[in-house]
Amino acid sequence: MIDKMKGEVMLENKEIIDTIDFNGEAPADETKRQYYYMKKAAEYVEQESKKAGRKLTYFVQNFGCQMNARDAEKLAGILEKIGYEEAFDEMADFVIYNTCTVRENANLKVYGRLGYLSGVKKKNPHMRIGLCGCMMQEPEVVEKLKKSYRHVDLIFGTHNVFKLAELLVTMFQSERMVIDIWKDTDKIVEDLPTERKYQFKSGINIMFGCNNFCSYCIVPYVRGRERSRHPKDIIREIERLVADGVVEVMLLGQNVNSYGKTLEEPMTFAQLLQEIEKIEGLKRIRFMTSHPKDLSDELIKVMANSKKICKHLHLPLQSGSSRVLKEMNRVYDKEKYLELAMKIREAIPDISLTTDIIIGFPGETEEDFQDTLDVVRKVQYENAFTFIYSKRTGTPAAAMENQVPEDVTKDRFDRLLKEVQGIARKKSMIFEDTVQEVLVEEVNEQDAELVTGRMSNNLLVHFKGGKELIGTLQKVHLKECKGFYYIGELV
Ligand code: 5AD
Ligand code: SF4
């Protein structure tokens, strides 16, 4: 490894880097091009470091979903490569917010923190601020930032995360705010560095974007059209991760059940799972998110027969009312959803089913809400994420009449939460006094004598143990259920 401070990029992707002429023009091949820019950016970081008389630091703040969490690891990977050191708060020299815009609240949080950063920046002449992620794909947001948040140095979107090094070079050369937003892309850039948050588990993008256009959702507008990665690229990435200590992967996509449809040689998600299952050394496979309309019998069969796929399926319901589901453009109705959920429970009896539910979609009546409660009672979810409908400009639902008054929504939300929590608590308890295999994830934050492990069905258990257990699978006796988690003991 070459010292990063000498302005060199580390050479772990040697076969790619050896072919790059760093003194010539930037290569056309995107992966090579980005390594070329990583070296250039490293030179700037080194110069700036010299001026500061210390190493420069970075801080990536992630908002939103698992997709964003994986993108944040890609950003961190590039920043580490070019010589920044990780910091754990906004006192860093390069602060980047990887934003979310799925609900209005997420946007408000970012504006609030940007206000605070303005004061921090005045005290640190080396500080630079970057913004990326879903919120940046909205033109009104970028306009507002240009006008009222002049202290931001770099803005890019969801389609060009891979381009961070090149954008940083532009930023270092420029006095002005650098903005690079792509409307859409069919590009998937492989083999760039990542800096994993956990040594033993990792998210893997298997596809990008979404074609479903649920009427309330902004994701298809900010993440673009659906495109799948080649299975061989996915397998190669997982094999490398396993060689580097990963035992659990989370396959990521907005709608994993439609994986492979855009490939030259189409492949189903179930087939991909079977290929991944063959990877030696990999112990657990998770995935997220499944759209009920595309969930196949083939997938249920593969899950039922698999030794590695975790006993957990996240199956967003959104609403239990067939009328509302139609307005939402979800393509299934109450009966179809219930049929599917029951089929899954029958085929995989120990599965944990979780869901997302939106309350207060335009026009939702008490009767519609009762349908949602009915599905919740019938499916008996192990856990449910409940959201208050948030109006997203540009989506069809935002233009719908009959927006539900806030007090009505709030009242339904509270009633729903009570119901799902009651069921979840009851469902969690059934494992009391059994022995379960868990993957140990971390030392407990409140009590350093305890570690926290995750069961296949996603439930957590805390038990006595040391940090040497992190990343290992252990058998644990679940002694006491504490609502949504367990206290256990190693067997
Ligand atoms: N308002 C509230 N919740 C939303 N979701 C997506 N869009 C909205 C919105 N406009 C929820 C859905 C989705 C989850 C990730 O976020 O339930 O499954
Ligand atoms: Fe949004 Fe629907 Fe796509 Fe999920 S499937 S990201 S809810 S449009």
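User: Which strands each supply at least two residues of the shell around ligand 1?

Analyst: This is a predicted model, in which local features need pLDDT of at least 70, side-chain atom pairs count only at pLDDT 80 or more, and totals for chains, interfaces and linings use all residues. Residues are numbered from 1 along each chain as written, chains are lettered from A and ligands numbered from 1 in written order, and side-chain values use heavy atoms, without hydrogens and water. Strands are DSSP runs of E with at least two residues, numbered from the N terminus. Here the strands are β13 (352-359) and β14 (383-388).

User: What surrounds ligand 1?

Analyst: A residue is near a molecule if one of its heavy atoms lies within 4 Å of it. Around ligand 1 are residues including Y216, D356, F387 and R392.

User: Which side chains have an N or O atom by an oxygen atom of ligand 1?

Analyst: A polar contact is a pair of N or O atoms within 3.5 Å. The side chain of R103 has such an atom 2.9 Å from a ligand oxygen, and for the side chain of Q318 the distance is 2.6 Å. A backbone N or O atom of S390 is 2.8 Å from a nitrogen atom of ligand 1.

User: How do β15 and β16 pair, and what joins them?

Analyst: Two strands pair if DSSP finds at least two bridges between them. β15 and β16 (residues 450-455) are antiparallel, with five bridges, and a hairpin of six residues joins them. V438 stands opposite M455 in β16, and its bridge partner in β18 is Q474.

Methods: Polar contact = N/O pair within 3.5 Å; in protein donor to acceptor, adjacent residues only side chain to side chain. Helix = DSSP H or I, 4+ residues; strand = E, 2+ residues; numbered from the N terminus.
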